[in-house]
Amino acid sequence: MRQEDISEIWFEYEGTPLKWHYPIGLLFDLLASSSALPWNITVHFKSFPEKDLLHCPSKDAVEAHFMSCMKEADALKHKSQVINEMQKKDHKQLWMGLQNDRFDQFWAINRKLMEYPAEENGFRYIPFRIYQTTTERPFIQKLFRPVAADGQLHTLGDLLREVCPSAISPEDGEKKNQVMIHGIEPMLETPLQWLSEHLSYPDNFLHISIIPQPTD
Amino acid sequence: MEEDEFFGEKTFQHYCAEFIKHSQQIGDGWEWKISKDCSDGYMCKTHFQIKSGTVVSHPGTSAYVQTCLPTEEALELPLDDFEVPETAVASEVIKYEYHVLYSCSYQVPVLYFRASFLDGRPLTLKDVWEGVHECYKTRLLQGPWDTITQQEHPVLGQPFFVLHPCKTNEFMTPVLKNSRKINRNVNYITSWLSIVGPVVGLNLPLSYANATSQDERNVD
């Protein structure tokens with residue numbers, strides 16, 4: 001290829017442009033979970049799909065997006081109090097820990113974002129996004145509390161019944177969908193607060209994929 | 001953070017409905033769009049602006065002729081425009097779309113916008129930035145959270161430009177506090193949009209402010 005023909009790089013799988021600002025595990029669960037690894041994607045150097053993808057001019061754009069998600073997650077969990085109290089160097093440490101795959105460096109700061117006041121039973125609201133390829137809307141995100149008025153912990157099933165009822169098949173019916181996080185199907189009885197603390201992605205969101213049950 | 005500066009989605013929808021009522025009265029073009037799954041909606045407006053640029057003799061200079069800006073802006077047009085040979089002045093029409101959505105995470109409205117030429121070519125962040133008035137640029141350059149970034153539209157899933165919402169409460173709180181002090185109802189959306197809109201070329205006719213106090217009188 002000639003240098004002048006090369007423009008911004010972008011990735012695609014089976015005709016779908018891949019959103020770089022989504023976690024790669026989420027993209028795989030949503031689009032290719034039934035296929036064997038390694039995941040084969042196509043790299044493009046021309047015809048950037050302006051209507052579908054955000055531009056990614058530099059690594060700074062990735063950092064800015066990641067921090068923006070962290071901020072939003074904390075707005076939901078703690079009214080932004082925890083993240084706003086942190087210094088710039090703490091924010092930098094979160095990003096560098098993620099970028100350089102330094103678990104301890106990342107969690108030294110991230111553990112503060114997983115705490116909640118002793119008098120509460122969990123976060124204010126749970127940061128989550130539910131993805132389905134069958135809808136025009138890119139994801140469902142709503143306010144949802146981890147604890148009910150009577151003090152009972154809400155479960156993954158409670159969340160789905162409230163914000164995405166089509167995801168769950170009736171009890172006696174055939175299972176139509178898989179509810180997937182990080183490539184596994186957690187039990188619907190799992191408390192949402194626990195999932196948020198232990199199964200969130202590094203951006204502190206639970207990214208949940210609803211995909212058709214494989215027929216094999 | 002004070003609970004009463006936040007509002008819920010129902011309140012957002014109410015203020016938007018009032019805003020659109022007035023928009024319809026004056027033909028300002030705002031509409032309410034419902035998402036395909038009908039679970040929520042947003043306000044939107046499309047308008048067209050003419051961008052004229054001088055070519056060759058003054059590379060890099062371009063003047064925005066924006067039909068909705070006050071006359072001070074129009075005076076910024078370089079006089080050279082009238083001396084340029086006929087073929088050198090190119091006029092292009094730019095289509096701007098403005099969407100007002102509700103952010104449940106920050107419990108405030110958020111302004112999304114995108115711009116493209118009539119052939120569909122989108123404006124880049126750089127192009128958009130050039131259209132921002134000088135007096136706003138300093139403020140925007142101060143912090144990453146106040147700046148314009150490209151984000152995915154939460155309902156359409158397409159790239160839009162966004163003014164980051166996390167500082168909204170900072171500038172809206174004094175507005176709401178003051179309106180309570182003088183015991184006058186304020187349409188949050190009208191006040192908010194009159195503050196953030198001009199930064200990205202969206203100006204509200206003054207009659208919106210009078211519309212709010214009219215409603216108040218009629219209710220009594």
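**Exercise 1. Describe the backbone at Asn204(A).**

Solution. Asn204(A) is found in the loop of chain A that runs between helix H7 (192–198) and strand S6 (206–212); helices (H or I, at least four residues) and strands (E, at least two) are DSSP runs, numbered from the N terminus. Next, consider the angle: phi of Asn204(A) is near 75°, which is a positive value in a residue other than glycine.

The model is predicted, with local features needing pLDDT of at least 70 and side-chain atom pairs counting only at pLDDT 80 or more, while totals for chains, interfaces and linings use all residues. Residues are numbered from 1 along each chain as its sequence is written, chains are lettered from A and ligands numbered from 1 in the order in which they are written, and side-chain values use heavy atoms, with hydrogens and water left out.

**Exercise 2. State which form the peptide bond from Leu37(A) to Pro38(A) takes, and locate Pro38(A).**

Solution. The bond from Leu37(A) to Pro38(A) is cis, with omega near 0°. Pro38(A) belongs to the loop between helix H1 (24–32) and strand S3 (42–44) of chain A.

**Exercise 3. Characterise the interface of chain B and chain A.**

Solution. First, count the residues: 25 of chain B are in contact with 25 of chain A, where contact means heavy atoms within 4.5 Å. Second, take the area: about 2300 Å² is buried between the chains, and carbon and sulfur atoms give 49% of it. Buried area is the accessible area (1.4 Å probe) that two parts lose on being put together, summed over both. Third, examine charged pairs: the rule finds three salt bridges across this interface. Glu136(A) forms a salt bridge with Lys36(B), with the closest N and O atoms 3.1 Å apart. Finally, strand S6 (residues 148–152) of chain B gives the most to the side of chain B that touches chain A, with three residues.

Terms used:
Salt bridge = Lys/Arg side-chain N within 4 Å of Asp/Glu carboxyl O.
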